[in-house]
Amino acid sequence: MNYKTILITGGAGFIGSNLALNLIRDFSGTKVICLDNLQRKGSELNLPRLKKAGIKFIRGDVRNKQELDLVKTFDLLIECSAECSVMAGYDNPLANLIDTNLYGAVNCLEAARQRKADFVFLSTSRVYPIKELRLINLREEDDNFKCLPQQSIRGVSEKGISEDFPLEGSRSFYGASKLSAEIILKEYVHGFGLRAIVNRCSVMAGPWQLGKVDQGFLALWVARHIYCGSLSYIGYSGKQVRDVLHVDDLYDLLLLQLKDIDKYSAQVFNVGGTIDNAVSLRQLTELCRKVTKKKIDLGFIDQIREQDIPYYVSDCTRIERLSGFKPKRNLETIVCDTAQWVFDNKNTLEKIFK
Ligand SMILES: NC(=O)c1ccc[n+]([C@@H]2O[C@H](COP(=O)([O-])OP(=O)(O)OC[C@H]3O[C@@H](n4cnc5c(N)ncnc54)[C@H](O)[C@@H]3O)[C@@H](O)[C@H]2O)c1
C-alpha cells in the first residue's frame, strides 16, 4: 500500500478507529489522521487508544469545509462519519442526518478531489428499498427465516441480496442519504477521475462498537448479557436475520482493495458476513448465552416499524470474484471477541451499555 497520509473521517467511531489502529500497526511509514466531531456517544472512549498509537486526532465536523481543510495534505480519505441509524431523521431529517451523511460526504469528496486523493466510502445495505426487501420469499423456521430459491425479484437468491437488487422505492432517510452520496460520488469519479470505492456494508461488529438499540445490535446483545441488563425482540418474534462481518475482516478486504485501487475503483460492492455469518436475534441470544455463560429473559414488543425488515443477508459474490475475499472470522469469534472486550473494560463501558 502506497499511501503516505490517510485521513479517516468519523475516525473516532467504531469502524474508523479500528481501521486507523490496524493501519498504523501494519504500515509504519504511513501517517493516519482521524477527524470526528464526537457526536456518537462513547466515541470519546477511542481517543486514548488513537493517541497511544500515535494517530493524530482532530475534533472536526465533516459538515464544515474549513474543518476538513485543517488537514492540508492526504492521499487517501476513508469516509466513516455518519449518523448511522435507520431510525434517525424522522424528527428533523436535515439537522444531523442529511447534513452529515450527504453534504458531509460531498465535502469529503471535494476535499479528496482538491488533493487528488483516493476515496473509500462506507455505504450501507440500507440503500435497498424496504418494501421490496419485505417481498423476498422467506420460509419461517423455529428460530429464524430462510431465503427460498424461488424469487420473483432480481438480485435475490439463497446466497442473499446482490448489487442487482432493484433500487426503486423508499429506504429510510439514512439509506436515502447514503445512496444520494453514492450518486454524487459517481459524478466525482466520472467528472474528475477520482479513484473511489463504494462498500455497501451490512452489519459490521466487533470490539469497540458502542452498540445501541437502533445501531450496533450485536455489541448491545453481548454487553446486555454480561451486565444482566434487559433486551427485547421488536417484531418478527426475534426471527429477523442479518449477516455479520468482523471489523477486522472489513480491514482485510480494504487492504486488498487499496493495494490495487484501479481494479476496484468506480464500483459498488455488497460487503458483509455472507450467508455463512447469517444469524437471527433468537440465534444470537443462544450464542450470547453460550459465550457469556449468562442468561437473561428477553422481552417481546409486538410491533413492526416502518423501517424494519425481516431478512437481509449480503450476497458478496461480486467482491469475492474480483478479490478472492472471504470473511475469516465466524459468528462465534465475533461474539467471543466482543465479549472479551466488554469483560476487559467492564467499568468504563458500564455507562454505555447498562
Ligand atoms: N457499523 C455497521 O454495522 C455499519 C453498517 C453499514 C454501514 N456502516 C457505515 O460505516 C460508517 C461507520 O460506521 P460506524 O459503525 O463506525 O459508526 P459510528 O457511529 O461508530 O462512527 C461514526 C462516527 O462519525 C462521527 N460523526 C458523526 N457525525 C459527524 C460529523 N458531522 N462530522 C464528523 N464526525 C461525525 C461520530 O461521532 C462517530 O464517531 C458509517 O458511514 C456507516 O454508515 C456501518
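Helix α4 (residues 94-115) lies across β1 (5-9), β4 (76-79) and β5, and runs at about 165 degrees to β5. Contact here means heavy atoms within 4.5 Å, while axes are lines fitted to C-alpha atoms, for helices over the stretch in contact, with angles running from 0 to 180 degrees between N-to-C directions. Helices (H or I, at least four residues) and strands (E, at least two) are DSSP runs, numbered from the N terminus. Helix α6 (residues 172-192) also packs on the sheet, where it touches β5, β10 and β14, and its direction makes about 155 degrees with that of β5.

This is a predicted model, in which local features need pLDDT of at least 70 and side-chain atom pairs count only at pLDDT 80 or more, whereas totals for chains, interfaces and linings use all residues. Residues are numbered from 1 along each chain as its sequence is written, and side-chain values use heavy atoms, with hydrogens and water left out.

The sheet itself is open and has seven strands in the order β3-β2-β1-β4-β5-β10-β14, with parallel pairing; two strands pair if DSSP finds at least two bridges between them. Because β3 (56-59) and β14 (267-271) stand at the edges with a single partner strand each, one side of each is left without a neighbour in the sheet. Within the sheet, β5 (residues 118-124) and β10 (residues 196-201) pair in the parallel sense over six bridges, and Val 120 has Ile 197 in β10 as its bridge partner.

Among the polar contacts (pairs of N or O atoms within 3.5 Å), a polar side-chain atom of Asp 61 lies 2.9 Å from a nitrogen atom of the ligand, and a polar backbone atom of Leu 122 is 3.4 Å from an oxygen atom of the ligand.

Technical notes
A polar contact is a pair of N or O atoms within 3.5 Å; within protein, one must be able to donate a hydrogen and the other to accept it, and residues adjacent in sequence count only if both atoms are side-chain atoms.
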